Amino acid sequence: MFRRYISLATLITASPLLVTGCVGSSGSGQSESLDDFPFTEMLANYTDNIIEPSYRSFAELSQTISVSAYCDAIGSDSESSALDAAQREWLDLMTSWQANEMMIIGPLASSDMSLRNRILSYGSNFSHNACAVDQAVIAATEPDFSIVTRRNSARGLDALEYLLFNQDLDHSCPATTEATQDWNDLTDSERKTQRCAYAKFVSADITQQAQTLLEQWDAQRSDFLNPVNTSESLGALSDALFYIEEYVKDTKAGIPTSIINSGCDDAACPDDVESPYTETSFANIRVNLQTFKTLLTGGSGLGFDDVIARTEFSDSGIIENLLSDTDAAVSFIDSMDQSLLDQAEAQLLSGDETACTNSAANPDSGSVDMCSLYGLLKRITDRLRVDFIAAVNLDLPERSQSDND
């Protein structure tokens, strides 16, 4: 995860301002009134009312997916209804996680985001590795199997989506893959049963990682709220805001549209959408946008909007413009009747790269909806990386400094 640091000299070493959790200083470009701003109270609001409840909700939902009930029902009259229940619960869990995707802080940001990538690997890899899941399904039939040995693309929410929603029971591996040579010869019931057995491993692992997240966050909470660490904690929160640029705009929207090149040189890259089997990629982005708004404002408590209200930028409309642009992107998603996967496949067939480029540059009148959405997201991130950064006196994340698209 990129890092950003508060660019104020008063935050270096043992400044008395750190003891009270204040980050303002004269000569910093901020108002004197920030000298008594309750940053510790603001951080407590984010911790206790936004971050921790969201992590906990995900952990609780992770325990409710009835994979076992579906496995037990395979071959019976209740198989379809049992699968429907497990699928609905996965959708609820994925929705919950998409809020956490905007809160990559503390344990989710550490160790190259290893915990986050184990829960959801999309973003660390853009192409889904269905073959890795198929091989894990077969490996899971061995008595000494451990999911710990599998790669991230064969675990987490991505793998569970494939196992619960992919209706094609044939394997996805090249014909030369040894592990799957005999897979297609199995009966439908055998293949469903083996996939479901592995789905239980994946579901249990997600639950374990969710609990690990809660435990690690609880262990770090006191450090996050310690006034001595105010600058670092504020930097972590602002890093989380920039998920909207790197992972939402550039990855979730930019890569499938081929506006951002990740190795796919076609007019569109449908293989790289986030949720291909449920076709809920736009719904994921919608949750990201709504959570972005909460992180900007602190919900019903103190947030970055209150910080800016105490600076010389108080009448600039920065927060209002960011919220308005975010609402516009949400409304645009709500107006679309085709999934991102369907749009990407249609765009690939058309081969019309110019239409996408023009739609991204002029999203209010574009002809390719998914590319127009990219343009609407770019309006948000442009304001974030220029107006917001200037107002709160933060440095850009290293990886965003070169973002000139």
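Student: Does Asp-205 count as buried or exposed?
Tutor: The model is predicted: local features need pLDDT of at least 70, side-chain atom pairs count only at pLDDT 80 or more, and totals for chains, interfaces and linings use all residues. Residues are numbered from 1 along each chain as its sequence is written, and side-chain values use heavy atoms, without hydrogens and water. A residue is buried under 20% relative accessible area, exposed over 50% and partly exposed in between (1.4 Å probe, protein chains only). Asp-205 has 7% relative accessibility, so the residue counts as buried.

Student: Which residue meets Asp-205 in a salt bridge?
Tutor: A salt bridge here needs a side-chain nitrogen of Lys or Arg within 4 Å of a carboxyl oxygen of Asp or Glu. Side chains of opposite charge can pair when their charged atoms come close. For Asp-205 the N to O distance is 2.6 Å, and the partner is Arg-118.

Student: In which helices do Asp-205 and Arg-118 lie, given that the pair links distant parts of the chain?
Tutor: The side chains of Asp-205 and Arg-118 meet in a salt bridge. The two residues are 87 residues apart. Helices are DSSP runs of H or I with at least four residues, strands are runs of E with at least two, and both are numbered from the N terminus. Arg-118 belongs to α5 (residues 110-119) and Asp-205 to α8.

Student: Against which helices do the buried residues of α5 pack?
Tutor: Arg-118 has a relative accessible area of 17%, so this residue is buried. Others buried in α5 include Met-113, Leu-115 and Ile-119. The buried residues of this helix pack against α2, α4 (79-100), α7 (156-165), α8 and α10.

Student: What is the phi of Ser-258, which is not a glycine either?
Tutor: Ser-258 is found in the loop between α10 (243-253) and α11 (281-297). Its relative accessible area is 19%, so Ser-258 is buried. Its phi is positive, at about 70 degrees.

Student: How many residues apart in sequence are the parts that Asp-36 and Arg-310 tie together?
Tutor: The side chains of Asp-36 and Arg-310 form a salt bridge of 2.4 Å, N to O. Asp-36 lies in the loop between α1 (16-19) and α2 (39-62), and Arg-310 in the loop between α12 (304-309) and α13 (318-335), so the separation in sequence is 274 residues.

Student: Of Asp-36 and Arg-310, which one counts as exposed?
Tutor: Arg-310 has 26% relative accessibility, so it counts as partly exposed. The value of 56% belongs to the exposed residue, Asp-36.

Student: How far apart are the closest N and O atoms of Arg-379 and Asp-364?
Tutor: Arg-379 is partly exposed, with a relative accessible area of 32%. Asp-364 is exposed, at 63% relative accessibility. The two form a salt bridge, and the distance between the closest N and O atoms is 2.6 Å.

Student: With which residues is Arg-191 in contact, leaving aside its neighbours within four places in sequence?
Tutor: Arg-191 is placed in helix α8 (residues 188-225) and is buried, at 7% relative accessibility. Contact means heavy atoms within 4.5 Å. By that rule, the contacts of Arg-191 are Leu-169, Asp-170, Trp-183, Asn-184 and Leu-186.

Student: How many helices and strands does the protein chain have?
Tutor: The chain has 405 residues, and buried residues make up 55% of them. Of the contacts with a separation of 6 or more, 74% are between residues 24 or more positions apart. The chain contains 16 helices and 0 strands.
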